[in-house]
Amino acid sequence: TDFEKRILCIGAGYVGGPTMAMIAFKCPQYKVHVVDINPDRIDAWNSQNLPIYEPGLEEVVFEARGRNLFFSTDIQEGIEEADIIFVSVNTPTKTFGEGAGMAADLQYWEKTARQILECSKSPKIIVEKSTVPVRTAQAMERILGTDGTGKFQVLSNPEFLAEGTAIEDLKCPDRVLIGSRLTEEGLKARDELVSIYANWVPKDNIVTSDTWSSELSKLVANAFLAQRISSINAISALCEKTGADVSRVAYAVGKDGRIGDKFLKSSVGFGGSCFKKDILNLVYLCRSYGLQEVADYWEQVVKINEYQKERFVLNMLHTMFDTLAGKKICLLGFAFKADTGDTRETPGIYIAQRLAEEHCRVVVSDPQALDNAKIDLKELGDAVSYVEDPYEAAADCDALAVLTEWNLYKELDYAKIYNSMTKPAFVFDGRNILDHQALHDIGFNVFPIGKPALTHYRTNGRTR
Ligand code: NAD
Ligand code: UDX
C-alpha cells in the first residue's frame with residue numbers, strides 16, 4: 001500500500017513504543033516501523049503480552065498494529081525505507097571512565113548514528129527523541145558528515161510523557177517541542193515534523209525553537225519537576241520536627257497561582273529512570289562549562305532525595321526500638337509510582353537493601369512490579385520474599401511500609417491485616433495515601449511523611 005510518509009523509530013522502549021503507537025493510531029496514512037536490537041522486546045510488542053504496562057496502551061497498539069504499525073529487528077531495512085527516523089534509544093548515566101555516575105552514556109546513541117549513516121541511500125530527517133546533553137545534535141551531524149546542508153537534517157524533539165499516564169500525555173500533550181537549525185533546510189525539516197503532530201495536537205501546543213534550546217529544555221523541565229519534590233520533601237523533615245502537616249503546607253502554598261498545586265506531594269523520594277539521570281547530566285554539563293555554583297545548586301535536588309530515602313529507613317529503625325534484626329517488614333508497592341511495573345531507580349531498591357543490611361526480612365508486594373523487583377533485589381537472596389497478595393504479604397510482619405501509591409492499598413481491610421501481624425504493629429506511609437486516623441483506631445502505630453505520628457505510646461519526637 002501507498003503510505004504518505006514512512007516513519008522509523010529506533011528503540012522500542014518505554015518512550016519509543018507508546019510514542020510511535022500513538023502516531024500510528026492517530027495517522028493511518030503513515031507507515032510507522034519500530035525497531036530494536038532486543039528480539040525479546042520486539043516479540044513482546046508483537047504479542048498479546050506487551051513488554052510494558054501502561055493504562056490504555058493495549059487499545060492503541062492493538063488497533064494500529066499490522067495496519068500501519070510494525071515492530072521488527074530489521075534495523076537496516078527500516079533505515080533504508082524511512083523518510084523520518086526517530087531515535088529513542090536509552091541514554092543512561094555513564095558507569096565507567098570520565099564522568100562515571102554523572103554524565104550521559106552516549107554509546108547507544110552514537111552506534112545508532114553510525115548505523116543510519118551506513119544504511120541510508122536517500123535523504124532523511126533524524127529526530128532526537130532520547131533525552132540528550134545539550135549540543136548532542138552537533139555530534140550527530142558530525143558523525144553523519146553533514147553541516148546542516150546535506151542529506152541529513154537533525155531535529156530535537158524531546159519526549160515529556162510520564163509513565164503510568166503515557167497514553168493520556170501523548171493524546172493531549174501540554175506541548176510538543178521541536179528544535180531545529182534556523183536555516184531554510186532546518187525550518188523545512190521542522191515543518192515536516194510539525195505536520196505529523198498537527199494531525200492531533202493543536203498548533204498552539206506545538207512549540208518550535210533552535211536545537212540547543214530544545215535539547216536543554218528537556219533537562220531543565222525534569223530538573224524543575226524534581227526540584228519541587230525535593231523542596232516539599234525537605235519541608236516534610238521540618239514538619240516532623242515541629243508538628244506541622246506537610247499536606248496542609250503544600251495545599252496552602254500551592255493555592256498561590258504563581259506556585260501552583262501540582263507536583264507537591266511529599267513522598268519517600270522520587271524514582272524513575274529520568275529525574276536523577278537527567279539532573280546529574282545537567283550538573284555534569286554545568287561543571288564541564290566551569291559553572292560550579294550552578295552545578296552545586298542542582299545537585300542538591302538529588303542529595304535531598306537520597307536524604308529522604310535514608311530518613312525513611314532510619315525512622316523505621318528508631319521507631320522500632322533501634323533494632324530491625326530478625327523483624328519482618330512488608331513493602332506495599334515497589335514500582336517507582338503507581339500504574340507502572342517499572343522499577344528503575346525506585347526508592348524501594350534502596351530501602352530493601354538498607355533493611356537487609358539491618359538483618360531485617362523484607363516481603364515485597366506489588367500488583368505489576370514483582371518480576372522487576374526480583375531482578376533488582378537478586379543479590380539480597382532469601383532476605384527478601386515476593387508475594388503479590390497484600391494480605392498474605394503482611395501476615396506475621398512487624399510493619400507495613402507503603403512505597404507506591406497504588407489505589408488498591410487504600411481499599412484493603414486493615415483490621416484483618418492488623419490481626420495477622422506481630423504486635424506492636426507499625427505503618428510507615430511513604431505516600432500519605434492511607435486513612436491514618438482509621439489505622440490508629442484499629443491499633444496501628446502510624447508514621448506518615450511530614451505529619452505528626454499517631455501512636456499508642458508516648459513519643460518524644462522523631463530522632464531524625
Ligand atoms: P528503554 O531502555 O526502555 O528503551 C530503549 C531501547 O533502545 C531498548 O529496548 C534498547 O534495546 C534499544 N536500543 C539500544 N541501542 C539500540 C540500537 N543501537 N539499535 C536499536 N535499538 C537499540 O528506554 P526509555 O525509557 O524508552 O528511554 C529512551 C530515551 O527516552 C532515554 O533517553 C530517556 O531519557 C528518554 N525519556 C524517557 C522517558 C520515560 O518515561 N521512560 C520519558 C521521556 C524521555
Ligand atoms: C518524568 C517526567 O514527569 C516526564 O515529563 C519525563 O518525560 C520523564 O520523567 P516519570 O518519571 O515517568 O516522568 O514520572 P513522574 O510522574 O514525573 O514521577 C517521578 C517520581 O516522582 C515518581 O517516583 C513519583 O512518585 C514522584 N513524585 C511525583 C513525588 O514524589 N511527588 C509528586 O508530587 C510527584
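Tutor: Let us begin with the surroundings of a ligand. A residue is near a molecule if its C-beta atom, placed from the backbone, lies within 6 Å of it. Please keep in mind that this is a predicted model.

Student: How many residues surround ligand 2, and which are the closest?

Tutor: Ligand 2 is surrounded by 19 residues, and the closest are Lys265, Ser267, Phe270, Gly272 and Cys274. By class, this shell holds 11 nonpolar, four polar and four charged residues. Helix H9 (residues 211-242) supplies the largest share of the shell around ligand 2, namely three residues. At least three residues of the shell come from each of domain 1 (5-201) and domain 2 (220-303).

Student: Which residues come nearest to ligand 1?

Tutor: Around ligand 1 there are 27 residues, of which Gly11, Gly13, Tyr14, Ser130 and Thr131 come nearest. The shell around ligand 1 divides into 11 nonpolar, 11 polar and five charged residues. Helix H5 (residues 107-119) gives the most to this shell, with three residues.

Student: Into which domains is the chain divided?

Tutor: The chain is divided into domain 1 (5-201), domain 2 (220-303) and domain 3 (311-448). The C-alpha centres of domain 1 and domain 3 lie 37 Å apart. Between these two domains, six residues of domain 1 are in contact with seven residues of domain 3. On the side of domain 1 that touches domain 3, three residues are nonpolar, one is polar and two are charged.

Student: Why is strand S2 described as largely enclosed?

Tutor: Burial is judged by counting neighbours: a residue is buried if 20 or more other C-beta atoms lie within 10 Å of its own. Five of the six residues of S2 (residues 30-35) are buried, so the strand is largely enclosed by the rest of the structure.

Student: Which elements make another right-handed β-α-β unit?

Tutor: S7, H8 and S8 make one as well. Strand S7 (residues 176-180) pairs with strand S8 (residues 206-210) in the parallel sense over five bridges. Within this pairing, Leu177 stands opposite Val207 in S8.

Student: Helix H8 (residues 184-197) contains Leu193. Is Leu193 buried or exposed, and which residues does Leu193 touch?

Tutor: Leu193 is buried, because 21 other C-beta atoms lie within 10 Å. Not counting residues up to four places away in sequence, Leu193 touches Ile125, Val127, Leu155, Asn157 and Ile178. Take Ile125 as an example: Leu193 and Ile125 are 68 residues apart along the chain, while their C-alpha atoms are separated by 8.8 Å.

Terms used. Residues numbered from 1 in each chain as written. Chains lettered and ligands numbered in written order. Predicted model: local features only at pLDDT ≥ 70, side-chain atom pairs only at ≥ 80, totals over all residues. Helix = DSSP H or I, 4+ residues; strand = E, 2+ residues; numbered from the N terminus. Nonpolar A, V, L, I, M, F, W, Y, C, P; charged D, E, K, R; others polar. Domains from an automatic or database assignment. Buried ≥ 20, exposed ≤ 12 C-beta atoms within 10 Å, placed from the backbone. Pairing = 2+ DSSP bridges. Right-handed = clockwise from strand over helix to strand, strands pointing away.
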